[in-house]
Amino acid sequence: MFSRLYIHIPFCLEKCGYCAFVSCKPLKGELENYHTLLLKEMQLASGNYQPAEPLDSIYFGGGTPSLLLPEQVAQIIAVASKQFSLSPAVEITLEANPGTVDEGRLRAFRTAGVNRLSLGIQTFDGNLLRCLGRVHDAAQARQAFRDARRAGFDNIGLDLIHGLPGQSLSQWHSDLREAIRLAPEHISVYGLTVEEGTPFSLRYPEESPDIPDDDQSAEMFEAADSVLPTAGYEHYEIANYARNGHRSRHNSGYWRRDGYLGVGVAAHSFLRKGYGFRFSNYETVEEYRAALAGGCLPHQDQNDLSLEDAMAEFMFLGLRLFDGISSDEFEREFDLPLRSVYGSVIDELTRIALLQCDQGVLRLTRRGLLLSNQVFARFLP
Ligand code: SF4
């Protein structure tokens, strides 16, 4: 049914101006008690769902998971181990905001069992960090990285964002250079999207001259795609680069449609049974807590996938990976030849140079990478 566990921590010290994630400032006492709700949910969930094999990865995402106390993280891992069992080589990632950690705290997370750290640095430019509303400055970002190394983390990922308001190509190059100098094992590179309902959507309405346009964003994407591989990072997914052997196992599982159980406020799950089904948890702490207090799983909806849904997901998630999609794998999964379902779409996307097929493996072209959303839309049912 699943081999991965996602744990959502919906609290942040401040709301960043561009953020569309489910996160809020904790009310008094919320942060202190939230982990007990997670323990309860795992206990309830384990009565309904069990992994097919011991868990291969746990991911603490948010929000700001580094606001949890290390002993709370240790308790969550212990209960996950008891309820679901963990593989001996389990990857346990914790997202950390550089403004919330120091060497001692990071060492305690490492001791608690976290073996991979994902640092949300976003940019090393102080003015841009202020513009984003981040709670950390560039010096704290660098310090958090050094502290993580000293605390014993040998698997660290950095997140960067390009296409920031007023950001020039040379500023972006400078961010890339600085990230490479730190030598993390993994670098994620996201393009800023101004989401409706965020303070940024009011500050930077559509076509705002302050936001780099599509051509400038494409240049920044291509800069990363050129600079990072030269520095030894494999570009293995549209937004992700890794040193040899350091791809994110947890996130790679999403793109391969591995089953995962999500716990916590607003967490999403995908369980493999039939063509798979997805469900999500309540999005407010109050509703989430009330469901658990009543002895119920805090699910707000469920969507059972049809064959068409599952095949479409297989295509648009799998094409994100540079390994591509093999027609044999598709046939093993769905008992149908790939071309019998998507032959005409593949031919058309190949003709306009967005897809390429090499020995039965389908991949995005360089052009397809830049226009990936248009490619993915063609596989929707
Ligand atoms: S730290 Fe992350 S989750 Fe929290 S408000 Fe900022 S972008 Fe959103």
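Predicted model: local features only at pLDDT ≥ 70, side-chain atom pairs only at ≥ 80, totals over all residues.
**Overall shape**

I started with the whole chain. The secondary structure comes to 15 helices and 15 strands. I then looked up the radius of gyration, which is 21 Å and close to the 21 Å that the globule rule gives for 381 residues, so the chain is as compact as a globular protein of that length. Along the principal axes, the C-alpha atoms fill a box of roughly 60 × 50 × 40 Å. I noted that 52% of the 381 residues count as buried. For contacts with a separation of 6 or more, I found that 70% come from residues 24 or more positions apart.

**Cysteines**

How many disulfides does the count come to? I got zero by the sulfur distance rule. Cysteine 131 is in no disulfide, and I put the nearest cysteine sulfur, that of cysteine 16, 11 Å away. I also checked accessibility: cysteine 131 counts as buried because its relative accessibility is 19%, under the 20% cut-off.

I then went through strand β4, residues 116-122. Seven of its seven residues are buried, so I logged the strand as largely enclosed by the rest of the structure. In a regular strand the side chains alternate between the two faces of the sheet. In β4, Arg116, Ser118, Gly120 and Gln122 point one way, Leu117, Leu119 and Ile121 point the other way, and all are buried.

For the pairing, I found that β4 and strand β3 (residues 86-96) run parallel over four bridges. β4 is also joined to β5 by five bridges, again in the parallel sense. Which residues does serine 118 meet in these pairings? I found serine 118 opposite glutamate 95, and in β5 its bridge partner is glycine 157.

**Histidine 162**

Staying with β5, I looked up histidine 162, which is found in this strand (residues 156-162). Is histidine 162 buried or exposed? At 5% relative accessibility it counts as buried. Leaving out residues up to four places away in sequence, I listed the contacts of histidine 162 as Gln167, Trp172, Val189, Tyr190, Gly191, Leu192, Ser217, Met220 and Phe221.

**Hairpin of β10 and β11**

Strand β10 (residues 268-271) and strand β11 (residues 277-281) run antiparallel, and I found four bridges joining them. Histidine 268 stands opposite serine 280 in β11. There are five residues between the strands of this hairpin, and I noted that glycine 274 takes a positive phi near 60°.

**Sheet of β13, β15 and β14**

My last entry covers an open sheet of three strands, ordered β13-β15-β14 with antiparallel pairing. β13 (325-326) and β14 (355-358) stand at the edges with a single partner strand each, so one side of each is left without a neighbour in the sheet. I found four bridges between β14 and strand β15 (residues 361-364), which run antiparallel. Within this pair, cysteine 357 stands opposite leucine 362 in β15.

Note on methods. Residues numbered from 1 in each chain as written. Heavy atoms only, no water. Pairing = 2+ DSSP bridges. Helix = DSSP H or I, 4+ residues; strand = E, 2+ residues; numbered from the N terminus. Buried < 20%, exposed > 50% of the residue type's maximum accessible area, 1.4 Å probe, protein only. Contact = heavy atoms within 4.5 Å. Disulfide = S-S within 2.5 Å. Rg over C-alpha atoms; globule rule 2.2 N^0.38 Å.
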